Amino acid sequence: MARYAALAALLLAVAVGGAAAQGVGSVITQSVYASMLPNRDNSQCPARGFYTYDAFIAAANTFPGFGTTGSADDVKRELAAFFGQTSHETTGGTRGAADQFQWGYCFKEEINKATSPPYYGRGPIQLTGQSNYDLAGRAIGKDLVSNPDLVSTDAVVSFRTVIWFWMTAQGNKPSSHDVALGRWTPTAADTAAGRVPGYGVITNIINGGLECGMGQNDANVDRIGYYTRYCGMLGTATGGNLDCYTQRNFAS
């Protein structure tokens, strides 16, 4: 019996260890993750030690379609877009510096905690507002309205909230997942508003009210810079329509 128990334990360990080698982990390996986010554990970053690779993989594995859908290029482009957007949201980089796009995942909370407290920005997407905390919590089975700090204290929960946001269409906004995979077809209203398929409309989904339809701006440049770097690292093309400079936001 002891021999069988030991064998079962070994097989379980192999299965757990092999989880990262499947799905998202086959593209975003631990070494790739470390190279993409080389300063996430820098002593200057308030989030140091929080955004672990294991937490990302554990969260990703609860959304089977995330980073696993379509062709090899589709998968790489979606993951580059995901990390491009979330790296901007959590950046500790200095605009114009040589290493500007190497400081993703430096923050886990909004710096001044002034937007919709206690539901201010937390996690890789800087989840904000009671409605988003409620919807995300319901989707992942956590009461984030009563305990919003889970998003900045439990790394798996934190990653699950951003992947939920990424995968979920809301109102007249498509999901970032569908846009990244080229599966979104603009409506007549979208076309009239200048919203076209490409990375730029993902920026519009996330923060269009502050960044879109106002010409070139530093936030767009930063998002594009991270995305371009990650596409290069993963060996895929960026595609077109990277900015939302001339797009009206979805609420207009």
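Let's start where helix H3 meets helix H7: on the H3 side we have Ala55, Phe56, Ala58, Ala59 and Ala60, and on the H7 side Ala155, Val156, Phe159, Arg160 and Ile163. Keep in mind, everyone, that this is a predicted model.

How do the two helices pack? The angle between H3 and H7 is about 50°, and their axes lie 8 Å apart. That angle is why H3 counts as oblique to H7. As for handedness, the crossing of H3 past H7 is right-handed.

Now have a look at Phe159, please. Leaving aside residues up to four places away in sequence, Phe159 touches Tyr33, Tyr51, Thr52, Ala55, Phe56, Ala59, Tyr105 and Pro124.

That brings us to the core. The largest nonpolar core has 60 residues, and the members touching the most other members are Ile28, Tyr33, Phe56, Phe66, Phe82, Phe83 and Phe159. As a general reminder, nonpolar side chains in soluble globular proteins tend to be buried together.

One last item, from the records. An unreviewed UniProt entry annotates residues 45-67 as "domain: Glycoside hydrolase family 19 catalytic". In the model, residues 45-67 are 35% helix and 0% strand, with 27 Å between the end C-alpha atoms. Thanks, all!

Definitions and conventions: Residues are numbered from 1 along each chain as its sequence is written. This is a predicted model: local features need pLDDT of at least 70, side-chain atom pairs count only at pLDDT 80 or more; totals for chains, interfaces and linings use all residues. Side-chain values use heavy atoms; hydrogens and water are left out. UniProt positions are given in the numbering used here, feature names are shortened, and annotations may be inferred rather than shown by experiment. Helices (H or I, at least four residues) and strands (E, at least two) are DSSP runs, numbered from the N terminus. A nonpolar core is a set of buried Ala, Val, Leu, Ile, Met, Phe, Trp, Tyr and Cys residues joined through side-chain atoms within 4.5 Å. Buried means under 20% relative accessible area, exposed over 50%, partly exposed in between (1.4 Å probe, protein chains only). Contact means heavy atoms within 4.5 Å. Axes are lines fitted to C-alpha atoms, for helices over the stretch in contact, and angles run from 0 to 180 degrees between N-to-C directions. Angles under 35 degrees count as roughly parallel, over 145 as roughly antiparallel, 65 to 115 as roughly perpendicular and the rest as oblique. A crossing is left-handed if the near helix is turned anticlockwise from the far one by less than a right angle, and right-handed if clockwise.
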